[in-house]
Amino acid sequence: MRLLDDLSFLEQIIIPYKNSDDFINSHGFRVHEISKDKPENTLRIIIVGCSTTYGIGSDDTNTIPALLQKKLEKNNQPQLFEVINAGFSGAISPDEVKLIKEKLVDFSPDIVIAVSYTHLRAHETEADLVCR
């Protein structure tokens, strides 16, 4: 399988975005700087996925993870929430699993959400995709 021998693919995929207006933190995530140590009284949610999760074409405040963060903060709960955008362009499930097992577990997530999106060509049906 492609890119599963190590996590260096993250640098190859994420670095091009450093030339954009997207903010990429020191861990390679599209979110403010975070510590591996989870803050006290915080529910940490990490979202993995492809460019849809990453938010290609969206500013930092309008990605799926950023919108979830805003929604959780509106509830005025005593519980704090931290939503981490670990999406990257071109992600496929094996890459995401490796990322979760070898990097994201070090951030002590309470919840990991994997977002999948299937691209169908204009002339294809879902049955065609299964047979591909």
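Colleague: How many bridges join S1 to S3?

Modeller: In general, strands of a sheet pair through backbone hydrogen bonds, either parallel or antiparallel. Here 5 bridges join S1 to S3, and these two strands run parallel; strands are DSSP runs of E with at least two residues, numbered from the N terminus, and two of them pair if DSSP finds at least two bridges between them. Isoleucine 45 stands opposite isoleucine 111 in S3. This is a predicted model, in which local features need pLDDT of at least 70 and side-chain atom pairs count only at pLDDT 80 or more, while totals for chains, interfaces and linings use all residues. Residues are numbered from 1 along each chain as its sequence is written, and side-chain values use heavy atoms, with hydrogens and water left out.

Colleague: In what order do the strands of the open sheet lie?

Modeller: The order is S2-S1-S3, with parallel pairing in this open sheet of 3 strands, and the edge strands, S2 (80–85) and S3 (111–115), each pair on one side only.

Colleague: Is threonine 42 buried or exposed?

Modeller: Buried means under 20% relative accessible area and exposed over 50%, with partly exposed in between (1.4 Å probe, protein chains only). Threonine 42, which is found in strand S1 (residues 42–49), counts as buried because its relative accessibility is 10%.

Colleague: Which residues is threonine 42 in contact with, leaving aside its neighbours within four places in sequence?

Modeller: With contact meaning heavy atoms within 4.5 Å, threonine 42 is in contact with Gln79, Leu80, Phe81, Glu82 and Asp110, once those neighbours are set aside.

How values were computed:
Helix = DSSP H or I, 4+ residues; strand = E, 2+ residues; numbered from the N terminus.
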